[in-house]
Amino acid sequence: MATELESKMEKAIEATNREFARLRTGQASPAMLNDVKVEYYGTPTPISQLATVKVPEPRMLLVTPWEKQFVDPICKAILAANLGLNPSKEGDSVRVAMPILTAERRQELVKMAKKHAEDGRTAIRNIRREANDAVKKNKELPEDESKKQMENIQKTTDKYIEKIDTTLAEKEADILKV
């Protein structure tokens, strides 16, 4: 049961980390475009399935579509995603410069990071509650063994919440770094 519990909590950590990766810091990251969908022969398709996204400079993304006719649709999709980015065509690729973040925008991003962290903590606490309920329902377990399992569940929960808190602190420092 402990490995199943840790597996579920690890998935909650991964989901939180994916949300953190989408938050814009002062530096460019290909993960920023993960949610951007481009109309590909009538089907909304993620940019990562249509093009390579590289980081040639710390504040620059270079999107190179595998089919040249998708340069314009990729530009439009990045603009429509409302990420505060201004793509520009450059030959057969799209260059996306990262504007410098204002102090207010940095504070908004920190708030968003804290919200994602709290969502992750909530998911972990829900997993803990489910595991505790499963232990309580098991009437065959002796009372002392039941308490021991619940203590282990709490220790595991604390460990994973600490991971989220550490990652949040790193993300905040990254966002606030000028």
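This is a predicted model: local features need pLDDT of at least 70, side-chain atom pairs count only at pLDDT 80 or more; totals for chains, interfaces and linings use all residues.
Strands here are DSSP E runs of at least two residues and helices are H or I runs of at least four, numbered from the N terminus; two strands pair if DSSP finds at least two bridges between them.

Residues are numbered from 1 along each chain as its sequence is written, and side-chain values use heavy atoms, with hydrogens and water left out.

Sheet: I looked up the strand order and got E3-E4-E6-E5, an open, antiparallel sheet of four strands. E3 (51-57) and E5 (86-90) are at the edges with a single partner strand each, so one side of each has no neighbour in the sheet. Between E3 and E4 (residues 60-65) I find five bridges; Ala-51 has Pro-65 as its bridge partner in E4.

Salt bridges: I searched the whole structure for a Lys or Arg side-chain nitrogen within 4 Å of an Asp or Glu carboxyl oxygen and got 11 salt bridges. One of them joins Lys-68 to Asp-92, closest N and O atoms 4.0 Å apart. Lys-68 is in the E4-H2 loop and Asp-92 in the E5-E6 loop, so this pair ties together parts 24 residues apart in sequence.

I also noted Arg-95 with Glu-90, at 2.8 Å between the closest N and O atoms. Arg-105 and Glu-108 pair at 3.1 Å, and both are in H3 (residues 103-137), three residues apart, about one turn of the helix. Last entry: a salt-bridge network links Glu-118, Arg-121, Arg-125 and Asp-165.
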